[in-house]
Amino acid sequence: MESGSSINGVDKHPWAVSEASWTYRQFGIGGYAGQGDMIRAPIRGRKGHGILAAYSINEIDDDSRVVMLTKLLDAREQGAHVLVIEPIAKRALAWWAEWQDRFMAGGGRADEWRFRIDLPERQRLLGRSAGLDPRELTARSLWM
Ligand SMILES: C[S@@+](CC[C@H](N)C(=O)[O-])C[C@H]1O[C@@H](n2cnc3c(N)ncnc32)[C@H](O)[C@@H]1O
């Protein structure tokens, strides 16, 4: 992250909040994570701001997703960049196609990612026992 940048994270769960704050510190990123509901969190779009919704949009209900989509599209209109990341699930995400259309209509893009990786033994075993392929990291993303 370029110097002078900072992050402002939000999650409902205190454990996730403290993990996020720990991670920011490990990467030397300024800012903090706080406990809260992303649906109510103020999302201010502004040129030079980036908004990341990581593995979170699939966690909320359909009505909340409508609210979040509107907020993210508004933020883009105000000049922010928006990135949504979700896992590549075997079962299709019912909401993804509509979100993809809206992001593309706003000049954005949709991608799927696969990175080969050599995980440490413990993570490799954990991944395998969770039914994942521990030889690669995968994700899908929407960007605008
Ligand atoms: C799969 S975890 C992802 C955590 C983190 N964003 C990451 O990328 O590592 C999903 C997270 O969404 C959070 N969550 C679910 N609904 C939420 C909401 N309405 N507001 C804030 N966080 C929420 C859960 O507490 C959980 O930590």
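1. Contact here means heavy atoms within 4.5 Å. The model under discussion is a predicted one.

2. Overall make-up. The protein has four helices and six strands, arranged along the sequence in the pattern β-α-β-β-α-β-α-β-α-β. Its radius of gyration is 16 Å, close to the 15 Å that the globule rule gives for 144 residues, so the protein is as compact as a globular protein of that length. Along the principal axes, the C-alpha atoms fill a box of roughly 45 × 35 × 25 Å.

3. Burial, surface and contacts. Of the 144 residues, 29% count as buried. The accessible surface comes to about 10,300 Å², and carbon and sulfur atoms account for 52% of that surface. Taking contacts between residues at least 6 apart in sequence, 72% join residues at least 24 apart.

4. The sheet. Four strands form an open sheet in the order β3-β4-β6-β5, and the pairing is mixed. At its edges are β3 (50-54) and β5 (109-116), each of which pairs on one side only. From one strand to the next, the twist averages 20°.

5. The β4-β6 pairing. Strand β4 (residues 81-86) pairs with strand β6 (residues 136-143) in the antiparallel sense, over four bridges. For E86, the bridge partner in β6 is R140.

6. Helices on the sheet. Helix α3 (residues 96-105) lies across β4, β5 and β6, and runs at about 55° to β6.

7. Aromatic pairs. A pair of aromatic rings is described by the distance of the centres and the angle of the planes. The whole structure holds four aromatic pairs. In one of them, W99 and F103 have ring centres 6.2 Å apart and planes at 20°; planes under 30 degrees apart count as stacked, so this pair is stacked. W99 and F103 are four residues apart in helix α3 and therefore separated by about one helical turn. Both residues are buried. Ring pairs also join W99 and F103 with W95 and W96 in a cluster.

8. A second stacked pair. W113 and F115 are stacked too, at 6.2 Å centre to centre with 10° between the planes. W113 has 35% relative accessibility and therefore counts as partly exposed. F115, at 47% relative accessibility, is likewise partly exposed; the band for that class lies between 20% and 50%. W99 and F103, by contrast, are buried.

9. The loop residue A41. Which loop holds A41? A41 lies in the loop between β2 (30-35) and β3. Its relative accessibility is 15%, and because buried means under 20%, A41 counts as buried. Leaving aside residues up to four places away in sequence, A41 touches V10 and K71. A41 and A53 are twelve residues apart in sequence, and their C-alpha atoms are 12 Å apart in space.

Notes. Residues numbered from 1 in each chain as written. Predicted model: local features only at pLDDT ≥ 70, side-chain atom pairs only at ≥ 80, totals over all residues. Heavy atoms only, no water. Pairing = 2+ DSSP bridges. Helix = DSSP H or I, 4+ residues; strand = E, 2+ residues; numbered from the N terminus. Axes fitted to C-alpha atoms, helices over the stretch in contact; angles between N-to-C directions. Rg over C-alpha atoms; globule rule 2.2 N^0.38 Å. Buried < 20%, exposed > 50% of the residue type's maximum accessible area, 1.4 Å probe, protein only. Areas by Shrake-Rupley, 256 points an atom, 1.4 Å probe, with all protein chains shown as cover. Phe/Tyr/Trp six-rings, centres within 6.5 Å; stacked < 30°, edge-to-face > 60°.
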